[in-house]
Amino acid sequence: MKLDDSLGLLFGVIAAFAAPFILLRIKRNSRRRKLLSAGLSPEEKEILTRHVSLYRRLPEELKRELEGLVRVFLDEKSFEGCDGLAIDEEMKLVIAAQACVLLLNRKTNYFPKLETILVYPSAYFARAKKKIGSQLIEDEDARLGESWNDGSLVLAWEHVKNEANDLNDGQNVVLHEFAHQLDQEDGGADGAPPLEGRTSYIKWARVLRSEYESLKMKADMGTRDVINAYGATNPAEFFAVATEAFFEKPLTMKTRHPDLYEEFREYYALDPAAWQDASGVSSNLEIGSSLTI
Ligand SMILES: [Zn+2]
């Protein structure tokens, strides 16, 4: 067989295998475009206005974009109630809207690894291994949420509901767990979500490492910060907790952590401090939490 014939055969085999995937992608993208332009019904927007303070704070053009993202999210992800919780449309909307704030204004693949959101009525207990001194023991841990690499994410509804309503407590379990999903898109959770280009990673690592070390020192001394001390647990928790502060207390974060704020502004392609300026909402220092998220 000639070289030309061999190459022709090879390309033919590749095309035959790739064609179904390409068709699926075309079909999915076309469905997404329709859902994006369909957006939400007046009743659904009313639910978000009533229950999600972050939605109320968004500028109008971002609100419209968010409504389309939520429509796609609800079409592609499934929800399951745990411990007898019956999931309703309001719960799905409140969770989806906050998760999709993290996808606004940039190219997104809608948390590609995530398939199912498991929702407990309130904080739940899970077995965890803990190191006490030199001993590794297994114990029950109270949790508000978890983000896994296997297609699932867990949330405690009571906290989702309360934190969606309160934009001044600096805490938001939905933003926290979905930030972990972004972090996990390129593998394990390490505090660095997929960024554009090598230079971005170098700058990201320099700023976030320095801020993380500074938070660890403050946590050791018991000094409070706009970034919750839980962020001192490891770099992945730092990214998730700092994401909560970026959206919930942007003015304070911009003033006290300008370099970190700038990294997040570039990554999320959003400037929440400008929204807060426009709405005239003041910011307070956040309240600490001892629960695992
Ligand atoms: Zn976490």
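A nonpolar core here is a set of buried Ala, Val, Leu, Ile, Met, Phe, Trp, Tyr and Cys residues joined through C-beta atoms within 7 Å. Please keep in mind that this is a predicted model.

1. **The core.** The largest nonpolar core holds 65 residues, and V70, A97, C100, L102 and L155 are the ones that touch the most other members. Helix α5, residues 89-101, gives the most to this core, with 9 residues. As background, nonpolar side chains in soluble globular proteins tend to be buried together.

2. **Around V70.** Which residues is V70 in contact with, leaving aside its neighbours within four places in sequence? The list is L40, L93, A96, A97 and C100.

3. **The sheet.** Four strands make up an open sheet with mixed pairing, in the order β1-β2-β6-β5. β1 (78-81) and β5 (145-147) each have a single partner strand, so these two stand at the edges and one side of each is left without a neighbour in the sheet. On average, neighbouring strands of this sheet are turned by 20 degrees against each other, direction ignored.

4. **β2 with β6.** Strands β2 (residues 116-120) and β6 (residues 152-156) run parallel and are joined by 5 bridges. Along this pairing, L118 stands opposite V154 in β6, and Y120 stands opposite A156. Helix α7 (residues 173-184) packs on the sheet, where it touches β5 and β6, and its direction makes about 15 degrees with that of β5.

5. **β5 with β6.** Here the strands run antiparallel, with 3 bridges between them. E146 stands opposite V154 in β6, the residue that L118 also stands opposite. The hairpin of β5 and β6 has 4 residues between the strands, and G151 takes a positive phi near 100 degrees there.

6. **Cover on β6.** Is β6 mostly covered or mostly open? Mostly covered: 4 of its 5 residues are buried.

7. **Helix α8.** This helix covers residues 198-221, 24 residues in total, and reaches 35 Å from its first C-alpha to its last, close to the 34 Å expected at 1.5 Å a residue. L208, Y212 and L215 are buried in α8. The buried residues of α8 pack against α9 (235-248) and α11 (258-268). After α8 comes G222, with a positive phi near 75 degrees.

Note on methods
Residues are numbered from 1 along each chain as its sequence is written. This is a predicted model: local features need pLDDT of at least 70, side-chain atom pairs count only at pLDDT 80 or more; totals for chains, interfaces and linings use all residues. Two strands pair if DSSP finds at least two bridges between them. Axes are lines fitted to C-alpha atoms, for helices over the stretch in contact, and angles run from 0 to 180 degrees between N-to-C directions. Two residues are in contact if their C-beta atoms, placed from the backbone, lie within 7 Å. A residue is buried if 20 or more other C-beta atoms lie within 10 Å of its own, exposed if 12 or fewer, and partly exposed in between; C-beta atoms are placed from the backbone. The expected span of a helix is 1.5 Å times one less than its number of residues.
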